[in-house]
Structures are given as C-alpha cells and as structure tokens.
Amino acid sequence: MSEIPLREVWVLHGPNLNLLGTREPAIYGTVTLPEIDADLQARGSALGVRVVAYQTNHEGVLMDWIQAAVVQKVDALLINPAAFTHTSIGLRDALSVFEGVKVEVHLSNIASREEFRQQSFVSGVVDAVVSGFGPDSYRLALQGAISILRKRLQEGSR
C-alpha cells in the first residue's frame with residue numbers, strides 16, 4: 001500500500017477536561033490532559049500526522065474551532081465534548097458541516113453512567129465513537145481516524 005500524505009488531526013477537548021488527573025480520578029483516571037496530548041502528538045508524528053490539541057470550557061469556542069477546521073480542511077477531528085455531549089445541538093450542527101473524519105471520544109463509558117449522560121447529541125453525526133477505555137480512548141480514536149481517512153483517500157474522497 002502506497003503511503004498517503006496526511007496533514008492534520010485536531011483534538012478538541014470540552015469542559016472540565018483541563019482538570020484531568022485530579023477531577024474524579026475513580027471515573028476519569030489520574031492521567032493529565034497535557035500527558036494525553038503529548039502522547040497523541042508523539043503517536044501522530046510516528047504515523048506521519050500532525051496532531052494539534054485544544055481545550056476549552058466554552059461551547060461557542062468549540063464551534064468556532066470546528067468551523068475553522070472546515071475552512072482549513074483539517075483531515076480529522078477527535079472530539080471529547082464532555083458535558084456538551086448531552087446538551088449541545090449547536091455542537092452537533094457544527095460537526096455535521098465538517099467533511100473530514102470525526103471521532104467522538106470519552107474516557108468513561110457513557111452508556112453505563114447516569115441516565116442523563118447516556119444520550120449523545122454528537123454520535124449521530126460522527127464516523128465513530130470510542131468510549132470507556134480511559135486515556136486509551138484517545139489513542140484508539142486516533143488510530144481509527146487515521147484508518148478511516150486512509151481508506152477514504154484511497155477511494156478518492158475526503
């Protein structure tokens with residue numbers, strides 16, 4: 001298989017993920033967000049992909065980044081919308097416009113959490129969902145996004 005050049009994967013982290021490592025470690029673990037981002041950047045580099053990570057506690061900022069990814073034709077988005085997963089139709093609408101690969105990521109298994117956390121407004125407009133593997137969720141999402149992207153590129157579509 002010939003190598004297909006890839007540009008960028010953006011990782012978008014939603015509210016309170018800046019507190020990873022200290023916030024509810026029994027649920028979210030003790031790995032920090034900078035550690036997750038550094039791991040993804042190293043793995044991306046090894047796979048020929050530039051990984052750029054962003055975190056915000058503000059819903060509109062996430063939508064602005066998604067819209068910027070559309071304009072810049074970013075290849076893939078990994079998004080952990082965190083609490084916005086269960087509340088934001090606006091985030092869903094923004095993601096529906098992005099034509100690259102989209103993977104929803106969660107550290108915990110949202111399907112086994114409180115009832116209000118079991119509904120995702122985002123899942124219906126993404127290519128895949130990775131949930132419940134702790135920090136490995138991000139690693140699996142990156143690998144999956146690259147796999148989907150390479151397949152699409154081989155087929156001649158983005």
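This is a predicted model: local features need pLDDT of at least 70, side-chain atom pairs count only at pLDDT 80 or more; totals for chains, interfaces and linings use all residues.
1. Start with the pairing of two strands. Strand β1 and strand β3 (residues 76–80) run parallel, and five bridges join them.

2. Which order do the five strands take? The order is β2-β1-β3-β4-β5. The sheet is open, and its pairing is parallel. Two strands sit at the edges: β2 and β5 (128–131). Each of these edge strands pairs on one side only. From one strand to the next, the twist averages 20°.

3. Next, look at the helix that crosses this sheet. Helix α3 covers residues 59–71. Which strands does helix α3 lie across? The strands are β1, β2 and β3. Relative to β1, helix α3 runs at about 170°. Angles here run from 0 to 180 degrees between N-to-C directions.

4. Turn to the aromatic rings. A pair of such rings is described by two values: the distance of the centres and the angle of the planes. The structure holds two aromatic pairs. One of them is formed by W10 and Y54. Their ring centres are 5.3 Å apart, and the planes make an angle of 70°. Plane angles over 60 degrees count as edge-to-face, so the W10 and Y54 pair, at 70°, is edge-to-face.

5. Why does this pair tie together parts that are 44 residues apart in sequence? W10 lies in strand β1 (residues 8–13), whereas Y54 lies in strand β2 (residues 50–55), so the pair links these two parts of the chain. There is also a cluster to note: W10, Y54 and W65 form one aromatic cluster.

6. Is W10 buried or exposed? W10 has 3% relative accessibility and counts as buried, because the cut-off for buried is under 20%. Y54 has a relative accessible area of 25% and is partly exposed.

7. The relative accessible area of V129 is 40%, so V129 is partly exposed. Which residues does V129 touch, not counting residues up to four places away in sequence? They are E104 and S123. V129 and E35 are 94 residues apart along the chain, and their C-alpha atoms are separated by 21 Å.

Key. Residues are numbered from 1 along each chain as its sequence is written. Side-chain values use heavy atoms; hydrogens and water are left out. Rings of Phe, Tyr and Trp (its six-membered ring) pair if their centres lie within 6.5 Å; planes under 30 degrees apart count as stacked, over 60 as edge-to-face and the rest as tilted. Helices (H or I, at least four residues) and strands (E, at least two) are DSSP runs, numbered from the N terminus. Buried means under 20% relative accessible area, exposed over 50%, partly exposed in between (1.4 Å probe, protein chains only). Two strands pair if DSSP finds at least two bridges between them. Contact means heavy atoms within 4.5 Å.
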